[in-house]
Amino acid sequence: MLSRRIIPCLDVRDGQVVKGVRFRDHVAMGGIVDLALRYRDEGADELVFYDITASPEGRSVDRGWVEKVARVIDIPFCVAGGIRSVDDARAVLHAGADKVSVNSPALERPELVAELAAAFGVQCVVVGVDSLRDADGEWRVRQYTGDPSKTRALARRTLDWVAEAQRLGAGEIVLNCMGSDGVRQGYDLEQLNAVRVLCRVPLIASGGAGAIEHFRDAFAEADVDGALAASVFHSGAIAIPGLKRYLHEQGVAVRLGPCDRP
Amino acid sequence: MAVVLVDAGGTNIGSVRYALQRLGVDAALTSDAATIRAADKVILPGVGAAGPGMARLRELGLVELMRSLTQPVLGVCLGMQLLCAHSEEGDTECLGLIPATVRRFAEQPGLRVPHMGWNDLSARRQHPLLRDLAEGEQAYFVHSYAVPVNEWTLASANYGEPFSAVIARGNFHGMQFHPERSAAVGARLLKNFLAL
């Protein structure tokens, strides 16, 4: 059976892994390769690296660390941040990344998603969606969330954008629920469920994990394919082996280490 | 031992190369017919679509060469699909080394395509390629097309229905998942291939 994925997310800024609260006030957490190796050893199913400074500054992701990670890591990883063309994506994929995730540049120019899918296949193309509920109750997308001073609220509804991204060739959607991000009160199940209904490709929950029950809820109640989290893993508040044993006991299909397999 | 990676434009070629390096093997990246023919082991990685994959092999003049190889050959992901006779993806004629048709996963409720993530490998036959593979061990898959189970299937995985995860006919072998991204299980299977 296909396992649900546990995905530590490493926000990268200036060659360091950082984490902020509600996308703000980032603090350094450690070196990229060291953390990547630690998560591989602990049983992470996949890693996501977001270069959170790349998009607002209008530059592409620095490739040096991508190759370093690819050399030592034997689980899949995805790179996001400032990928604005097929050439940018090719450089990152050739450096050893398995997937690229596009967010702000895809909002600037949605055809980018179709171009990437045509060049590399939909399985390489992840669309990251930063979403926040507005005062009128609608979820709408945010752009350039890596830098609070540049973040823009768009008129585009989250549900419309997810549908369009799939039509263009997204092979996976990562839904970053900004309202719940960093506050550890659980994933935004209501929003995830709303997106799940129209999402036919894998859907990854992001933003809000604070306890192991939150992961179970995202899988059991919002039927997501993977759950992404950062600070709870970086801080050691949640250890992946224990999390997976718990999910297994709760009837969620997960990949277990050799010692935990029945 | 000379191991070559056929450079047919697949984006995972670097990852496969690094995985071999972790096993102590420095594989050459090549599209040169003589180098491929002289190698002890040939690996055809591949990510992307069947049509462009075959077009690239044709452009490089490697179609007949691939068909004529007698040393162990391993196709990975799209590389495995290219070893088959035909792919529904773009209605593509493939290398025809394994008489099978590559089909798109049928979309069903709750079954997302692409099939992406870690799934169980289930051995169906004994083969040196599957040495030390325990029941329930998982590998990392990312694909929308698959080879139905057939008489050449060594191991299957299940996604809506069983499909070929590992396949072999004579000296031609294929892995639908990414051994280079399947942690210790993937490393073991690659090692098994190198030992053939």
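This is a predicted model: local features need pLDDT of at least 70, side-chain atom pairs count only at pLDDT 80 or more; totals for chains, interfaces and linings use all residues.

Reader: Fine. So is B:Asp132 buried or exposed?
Author: B:Asp132 has 10 other C-beta atoms within 10 Å, so it is exposed. You'll find B:Asp132 in the loop between β9 (122–123) and β10 (138–143) of chain B.

Reader: And what's up with the phi of B:Asp132?
Author: The phi is positive, about 65°, although B:Asp132 is not a glycine.

Reader: Which other non-glycine has a positive phi?
Author: B:Ala183 has one, at about 50°. That residue lies in helix α6 of chain B, residues 183–194. B:Ala183 counts as buried because 24 C-beta neighbours fall inside 10 Å.

Reader: OK, peptide bonds. Where is there a cis one?
Author: Between B:Val113 and B:Pro114, with omega about 10°. B:Pro114 is found in the loop between β7 (98–104) and β8 (115–120) of chain B.

Reader: Switching to helix α1 of chain B, residues 13–22. Why call it largely enclosed?
Author: Because seven of its ten residues are buried, the helix is largely enclosed by the rest of the structure.

Reader: Which ones are buried in α1(B)?
Author: B:Ile13, B:Gly14, B:Ser15, B:Val16 and B:Arg17, plus B:Ala19 and B:Leu20. After α1(B) comes B:Gly24, with a positive phi near 85°.

Reader: Now the two chains. How many residues of chain B are in contact with chain A?
Author: 30 residues of chain B are in contact with 28 residues of chain A. On the chain B side, the elements giving two or more residues are α1, β8, β10, β12 (153–159) and α6.

Reader: Which gives the largest share of that side?
Author: β8(B) does, with six residues.

Reader: And how do the residues on that side of chain B divide into nonpolar, polar and charged?
Author: Twelve are nonpolar, 13 are polar and five are charged.

Reader: Last one, chain A. How many helices and strands are there?
Author: Chain A has ten helices and twelve strands. Of its 262 residues, 55% count as buried. Among the contacts in chain A with a separation of 6 or more, 65% are between residues 24 or more positions apart.

Conventions:
Residues are numbered from 1 along each chain as its sequence is written. Chains are lettered from A and ligands numbered from 1 in the order in which they are written. Helices (H or I, at least four residues) and strands (E, at least two) are DSSP runs, numbered from the N terminus. A residue is buried if 20 or more other C-beta atoms lie within 10 Å of its own, exposed if 12 or fewer, and partly exposed in between; C-beta atoms are placed from the backbone. Two residues are in contact if their C-beta atoms, placed from the backbone, lie within 7 Å. Ala, Val, Leu, Ile, Met, Phe, Trp, Tyr, Cys and Pro count as nonpolar, Asp, Glu, Lys and Arg as charged, and the others, Gly among them, as polar.
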